[in-house]
Amino acid sequence: MPPRESFSQPEARRLALHAQGFGARQGRHEPRHLLAMAERLGALQLDSVNALARSHYLPLYSRLGEYSREALDRLAWGKGRHRQLFEYWGHEASLLPLGLEPLLRWRMARARRGEGIYRELARFGAEQPRRVAEVLDHVRRNGALGAGSLSTRKERAGPWWDWSEEKMALEWLFAAGEVTVASRRGFERLYDLPERVFPAALLAQPTPDEADAQRALLLHAARALGVATERDLRAYFRLGPDDARARLLELEEEGGLLRCEVEGWAQPAWCLPVSRIPRKVDVSALLSPFDSLIWERDRAERLFAFRYRLEFYTPPARRVYGYYVMPFLHREALVARVDIRADRANGCLRVHALHQEGPALGDDAMQALAAALKALAAWLGLAALDIQCPRPEGLALQAALELSDEPL
């Protein structure tokens, strides 16, 4: 296939959906399938919001269907050969394939120097070297532990970033690559030395030159995005603008990436020299608010004419769509938003609101959404599905559920 220099909007959407793993065969839920999809995406974002399920579980479900969350846990925090993922700052806090660890050592080195986003942590490290050394020595002597077991603070912790000195020390050590996450207790990180967590062969790999590593990360982002602007590409693994622009020019010069245009995009785009565009992407999936398809809100608007914002931290009276809102992908469009919650105490999946996007949801899309909600409830082990939305869309969804032959 000859290199492409321009794409229509539908072509760009199909290319992006294919690159992100949508349209993959459902039911491929063995660990090797989970790992292959995680490697394709490059990062599964971690977040503490647990209204439905932890964010890192949902992207694989949206693409592969029902799978064992325990299998992903083993890939992320298992022992020996079972561990194939690791935690670090990829796109925010993320689970990343082990193969990316050498490509992120430059970021660890910058953290040690206090550059970029790590200035506050580095300032703490410079001002409290004794506390940092004490914490590292404690980890060295006692193995995997959480910040709570180290804290010497007497008063109760406040909200958000009211960290103890021990937590600050651990976070600096984590950013600098001196410790890593060995496992989790609930959602609490348990830190240990990298040599007790990572395979020796991985740690023995040479550290790539900073520019080489950044080029490799941009190529990974390009494979995962299909077609993307410079901002899209650098945001995928959180590269700085200056680094990304320099590396993109190098990749263009050596033929690794091709500069191109997308219909309706004001900025130039980039793609791999050979880009396979499927004729269609026939998929129906509910997306996590932290799904890599919609990480960049501006990109979601360019690709799908879909303006999406997180409303977790917005006061209830100011929310437009709800607290935990999942976009619904049907065929090649984002056609609805579902405000949803798992009521685990009562074994119920509750839909608080359904908002159609653009033209009215047709019967086909509504039936697909009903099936997706039933499947999601079953995967989460919830025995009931409760539609609480009084809007016309909610009534239509209830009717579609009642017409469905599939039991919950």
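Me: How do H14 and H15 lie relative to each other, roughly parallel or roughly perpendicular?
Reply: H14 and H15 are roughly perpendicular to each other, a term for angles of 65 to 115 degrees, where under 35 counts as roughly parallel, over 145 as roughly antiparallel and the rest as oblique. Please note that this is a predicted model, in which local features need pLDDT of at least 70 and side-chain atom pairs count only at pLDDT 80 or more, while totals for chains, interfaces and linings use all residues. Residues are numbered from 1 along each chain as its sequence is written, and side-chain values use heavy atoms, without hydrogens or water.

Me: Which numbers describe the crossing of H14 and H15?
Reply: Helix H14 covers residues 363-379 and helix H15 residues 392-403. Their axes come within 9 Å and cross at roughly 70°. The axes are lines fitted to C-alpha atoms, for helices over the stretch in contact, and the angles run from 0 to 180 degrees between N-to-C directions. The element names refer to DSSP runs numbered from the N terminus: helices are H or I with at least four residues, and strands are E with at least two.

Me: Which residues of H14 and H15 make that contact?
Reply: On the H14 side they are Met 366, Leu 369, Ala 370, Leu 373 and Lys 374. H15 contributes Glu 393, Ala 396, Leu 397, Ala 400 and Leu 401. Contact here means heavy atoms within 4.5 Å.

Me: What is the order of strands in the five-strand sheet?
Reply: The order is E10-E11-E12-E13-E14, in an open sheet with mixed pairing. Two strands pair if DSSP finds at least two bridges between them. The edges are taken by E10 and strand E14 (384-387), each with a single partner strand, so one side of each has no neighbour in the sheet. From one strand to the next, the twist averages 30°.

Me: How many bridges join E12 to E13?
Reply: Eight bridges join strand E12 (residues 333-343) to strand E13 (residues 348-356), and the two run antiparallel. As one point of reference, Arg 341 stands opposite Arg 350 in E13.

Me: Changing topic: which strands form the three-strand sheet?
Reply: That open sheet has the order E2-E4-E3, with antiparallel pairing. Its edge strands are E2 (44-45) and E3 (85-90), each of which pairs on one side only. A helix also belongs to this picture: H4 (residues 69-77) packs on the sheet, where it touches E2, E3 and E4, and its direction makes about 75° with that of E3.

Me: How many bridges link E2 and E4?
Reply: E2 and strand E4 (residues 92-97) pair over two bridges, in the antiparallel sense. Leu 44 stands opposite Leu 95 in E4.

Me: What about E8, and which strands does E8 pair with?
Reply: Strand E8 (residues 258-262) is joined by two bridges to strand E1 (residues 6-7), and these two run parallel. Ser 6 stands opposite Glu 261 in E8. E8 also pairs with strand E9 (residues 269-271) over three bridges, in the antiparallel sense. There, Arg 259 stands opposite Trp 270 in E9.

Me: How many residues lie between the strands in the hairpin of E8 and E9?
Reply: Six residues lie between the strands of that hairpin. Gly 264 takes a positive phi near 85° in this hairpin.

Me: Back to helices. At what angle do H6 and H7 pack?
Reply: Helix H6 (residues 119-127) and helix H7 (residues 129-142) pack at an angle of about 95°, with their axes 5 Å apart. H6 and H7 are therefore roughly perpendicular to each other.

Me: Which residues meet between H6 and H7?
Reply: From H6, Phe 124, Gly 125, Ala 126 and Glu 127 take part. They meet Pro 129, Arg 131 and Val 132 in H7.
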